[in-house]
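Reader: Please present the model, and let us then examine it by question and answer.

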Protein chains: 2
Amino acid sequence: MKPKEIIQAAGIDRETLRFYETKGLLPKAKRTSSGYRDFPDSILDRLSFIKTSKDAGFTLREIKELIELKSKKVTCRNGRDIALRKRQEVLDKMKALREMKKILDCFVDACNEKGEKGLSRPCHFSFDTISCKFGK
Amino acid sequence: MKPKEIIQAAGIDRETLRFYETKGLLPKAKRTSSGYRDFPDSILDRLSFIKTSKDAGFTLREIKELIELKSKKVTCRNGRDIALRKRQEVLDKMKALREMKKILDCFVDACNEKGEKGLSRPCHFSFDTISCKFGK
DNA sequence: ATAAACTATGTACTATAGTACAAGCTCAAG
DNA sequence: CTTGAGCTTGTACTATAGTACATAGTTTAT
């Protein structure tokens, strides 16, 4: 695949594609006679994996480490253990999100409890002290 | 509270405290006669809120916006709607994390399926193509 | 054949979130 | 009354994840 096809299919821009390439996150591209890059179609899976991982809050460095588990230096056992640690990080992040959701729900409830008139006025409670008096 | 008490209680360092202060994330500190800062105890709630928000993947800019909902310019209705949008972002992040967890689970299962001998050898499948053939 | 679109490379710039000094006050203990 | 821990301000530096631009070569459509 040529750059333009890739960036259209993956929804990233040319510079980001190159940036990921310099970071070693992408499969090696063949070169045409004139030096144009020709990536394997699998690059779309790779970019999709990068996106999912980024959305999950992992850095490009971490993503690279996951990608490199395929390398022949890493045994399945080591790879599995690394994956299990990452899995735990994911669970921790989920916990943080549940906590955040709770805080936001409480804030919303506190606003709604003010009724129609209250909703039109400034709200003087703030997130950091609200700590879910509303039993959520 | 004086800086040292705060950084010990909150587990951040002096420079980070000051950095947050310059970013307008912290309550105003009174000054002692000699110019030392004296923060209200509520700073610990604030720092805790910042931590939760950061763990949930929000930027300091976003966190500041949430903190400023208390300002008198914002009605409860507007504040509530902003909170509801943030809540949706949290739900989206949760979805990304579930997706990531699924990928990691599949990788772990794929490794385990190799058995004792396989676990000691390199694993040649990678995350971006594994796409949960294992029915998770 | 020539202009427009596409590509490669290199460099520079941005924003975010800190982290690391350095110089100079202040306060509390010995 | 001095010494060290703690404080203030300012400045500079780092890493991450891009984004923008300039220059130059290549392909494609008219």
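Author: A:Pro40 counts as partly exposed, at 31% relative accessibility, where partly exposed lies between buried, under 20% relative accessible area, and exposed, over 50% (1.4 Å probe, protein chains only). This is a predicted model, in which local features need pLDDT of at least 70 and side-chain atom pairs count only at pLDDT 80 or more, while totals for chains, interfaces and linings use all residues. Residues are numbered from 1 along each chain as its sequence is written, chains are lettered from A in the order in which they are written, and side-chain values use heavy atoms, with hydrogens and water left out.

Reader: With which residues is A:Pro40 in contact, leaving aside its neighbours within four places in sequence?

Author: A:Pro40 lies in the loop between strand 2 (37-38) and helix 3 (43-55) of chain A; helices (H or I, at least four residues) and strands (E, at least two) are DSSP runs, numbered from the N terminus. A:Ala29 is 11 residues from A:Pro40 in sequence and 6.9 Å from it in space, C-alpha to C-alpha. Contact requires heavy atoms within 4.5 Å. By that rule the partners of A:Pro40 are A:Pro27 and A:Lys28.

Reader: How many disulfides does the rule count over all chains?

Author: A disulfide is a pair of cysteine sulfur atoms within 2.5 Å. The count over all chains is zero disulfides. For A:Cys123, which is in no disulfide, the nearest cysteine sulfur is that of B:Cys76, at 4.0 Å. B:Cys123 is likewise in no disulfide, and its nearest cysteine sulfur, 4.0 Å away, is that of A:Cys76.

Reader: Is A:Cys123 buried or exposed?

Author: The relative accessible area of A:Cys123 is 0%. Because buried means under 20%, A:Cys123 is buried.

Reader: What area is buried between chain B and chain A?

Author: The contact takes 53 residues from chain B and 53 residues from chain A. Buried area is the accessible area (1.4 Å probe) that two parts lose on being put together, summed over both. Carbon and sulfur atoms give 72% of the area between chain B and chain A, which is about 4,800 Å².

Reader: Which residue forms a salt bridge with A:Arg87?

Author: A salt bridge is a side-chain nitrogen of Lys or Arg within 4 Å of a carboxyl oxygen of Asp or Glu. Across the interface of chain B and chain A the rule finds six salt bridges. In the one formed by A:Arg87, the closest N and O atoms are 2.4 Å apart, and the partner is B:Asp105.
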